[in-house]
Amino acid sequence: MAQAILIIEDETALARNLSVYLQRAGCEVRVAGSALEGFALLEDFKPGVVLLDHNLPGMSGLEALKRLRAADAGMHVVMMTGHGSLELAVEAMKAGAADFLTKPLVLGEVKLLLERLTRQDRLEQAVDYYRAREARDSGLDKIVGDSPPMRAMKQTLRTLLEAESRLQDGELPAVLVVGETGTGKELVARALHFDGPRRSKPFVELNCGALPAQLVEAELFGYERGAFTDARQRKVGLLETAGDGSVFLDEIGEAELSTQVKLLKLLEDRRMRRLGGLRDTPVTARVISATNRPLEDMVREGRFRADLYFRLRIVELRVPPLRERGEDIVQLARHFLALHGARYRKPGLALTAEAQAALRRHTWPGNVRELRNAMEQAVLVAQDAAVTPALLHLAPQALAPSLSAGMSAGLGLADEELNLERMERHLIEQAMQRSAHNVSAAARLLGISRDTLRYRLERLQGRETAA
């Protein structure tokens with residue numbers, strides 16, 4: 001417990017006993033007999049904790065507390081008094097005291113209190129570190145790409161951030177980020193937060209497709225003890241944890257209808273209730289959601305609430321797929337090559353002209369995530385500085401070019417056979433057969449994401465059941 005502690009106490013015997021005890025515990029201690037004497041020690045000693053008596057000569061402890069907090073808001077001040085009362089304790093805590101001790105002091109309790117303050121400092125430092133690292137790695141300038149679609153998206157984002165900086169009531173609009181799997185929707189959500197007016201507040205995220213409906217609600221809203229079988233103690237949800245920050249709901253299209261009802265109430269009333277709770281809690285967090293699913297189709301099919309859809313998309317941002325981004329492909333490839341080259345201590349790697357051409361030809365069904373993974377693999381297997389097409393191991397190209405060629409040559413179908421749904425079903429069946437019913441492999445053959453293929457399979461199966 002190596003701390004710098006200043007004791008401001010006019011009872012000489014108590015001050016001496018405290019000082020000796022804390023020095024034996026490994027603390028660096030200074031003692032002042034009055035508030036003014038204590039103030040004089042602040043600049044040179046810079047204590048982390050001040051043990052402050054309330055009844056001091058010349059100045060009350062409450063007044064001294066206010067001046068200490070004004071001098072250093074990060075310093076812990078513990079008020080000590082021999083005439084403790086609830087009113088005084090409340091006043092001290094309102095003025096910024098870290099805790100309140102009544103005399104006669106129990107030295108062991110003082111030590112436990114100081115250890116708790118040390119743990120609190122370490123926790124706050126860790127939180128500040130990770131929050132600063134998140135902010136450093138997030139933002140509009142961290143989104144790589146200068147193609148026309150990306151310039152347009154970034155400009156929309158800048159315009160939105162400018163408007164939000166001038167907002168008077170502080171209630172930021174809900175934003176829906178749409179785009180295929182792997183396009184970088186989370187980066188856009190982070191840019192909205194870390195370049196916006198709430199950048200210093202928490203950014204918390206929840207993947208709605210990664211957990212069952214009950215767990216999604218428990219994580220988001222929190223729960224009271226006994227709310228369900230395993231709820232052994234109260235848990236604060238992400239909405240409360242975010243406070244005045246942002247909540248990012250990824251894969252919002254996967255949310256169950258029961259969760260959608262609660263989200264709608266949240267967005268309309270700006271209030272929520274923990275599972276098993278009896279009272280509502282105000283919610284000030286900004287909601288950003290993202291999806292790779294066609295929510296409009298899901299609304300028409302009754303699988304997503306229309307009222308929630310329009311609440312979530314007060315502002316809609318579309319992230320373009322990688323195949324539409326032209327030279328961004330090579331720019332991103334070089335970026336990831338340098339990034340992974342540094343991680344694996346393989347500097348100086350460069351794409352050959354043939355590798356760049358292969359990257360441009362590829363359809364990138366997995367988008368930026370697929371490109372990042374391809375570059376990491378290339379770094380891992382590279383034996384010299386040249387990254388050739390053979391090192392890229394790109395996924396098989398989609399069936400779309402073959403279909404286009406077949407259509408141009410004429411498929412020999414009668415007019416009544418020109419049915420898009422039937423053709424889609426046929427292509428999916430062919431891809432599933434060729435991939436031995438491996439959904440991921442079939443999705444690569446079709447040039448779409450795994451989630452998109454799962455959605456189309458479910459839709460086709462649903463129509464078969466209805467028929």
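This note goes through the predicted model point by point, from the whole chain down to single residues.

1. Basis. This is a predicted model, in which local features need pLDDT of at least 70 and side-chain atom pairs count only at pLDDT 80 or more, while totals for chains, interfaces and linings use all residues. Residues are numbered from 1 along each chain as its sequence is written, and side-chain values use heavy atoms, with hydrogens and water left out.

2. Overall make-up. The chain has 19 helices and 16 strands. Both are DSSP runs numbered from the N terminus: helices are H or I of at least four residues, strands are E of at least two. Of the 467 residues, 44% are buried. Buried means under 20% relative accessible area, exposed means over 50%, and partly exposed lies in between (1.4 Å probe, protein chains only).

3. Contacts and surface. Take contacts (heavy atoms within 4.5 Å). Among those between residues at least 6 apart in sequence, 69% join residues at least 24 apart.

4. The parallel sheet. Five strands make an open sheet, ordered β2-β1-β3-β4-β5, with parallel pairing. Strands pair if DSSP finds at least two bridges between them. The edges are β2 (28–32) and β5; each has a single partner strand, so one side of each is left without a neighbour in the sheet. Neighbouring strands are turned by 20 degrees against each other on average, direction ignored. Axes here are lines fitted to C-alpha atoms, for helices over the stretch in contact, and angles run from 0 to 180 degrees between N-to-C directions.

5. Strand β1 (residues 4–8) pairs with β3 (residues 49–53) in the parallel sense, over four bridges. Ile8 has Leu52 of β3 as its bridge partner. Helix α2 packs on the sheet and touches β1 and β2; its direction makes about 150 degrees with that of β2. Helix α4 (residues 86–94) also packs on the sheet, touching β4 (76–81) and β5; its direction makes about 150 degrees with that of β5.

6. Glu43. This residue lies in α2 (residues 35–45). Glu43 is exposed, at a relative accessible area of 59%. Its C-alpha atom is 9.4 Å from that of Ala71, 28 residues apart along the chain.

7. Helix α7. How many of the ten residues of α7 are buried? Eight are, so the helix (residues 185–194) is largely enclosed by the rest of the structure.

8. Backbone points to check. Most residues other than glycine have a negative phi, and most peptide bonds are trans. Lys103 and Pro104 are joined by a cis peptide bond, with omega about 0 degrees. Pro104 is in the loop between β5 (99–102) and α5 (107–136).

9. Positive phi. Arg270 has a positive phi of about 55 degrees, although it is not a glycine. Arg270 is in the loop between α10 (257–269) and β11 (271–272), and is buried at 18% relative accessible area. Trp364, also not a glycine, has a positive phi near 55 degrees. Trp364 is in the loop between α14 (353–361) and α15 (367–381), and counts as buried at 0% relative accessibility.
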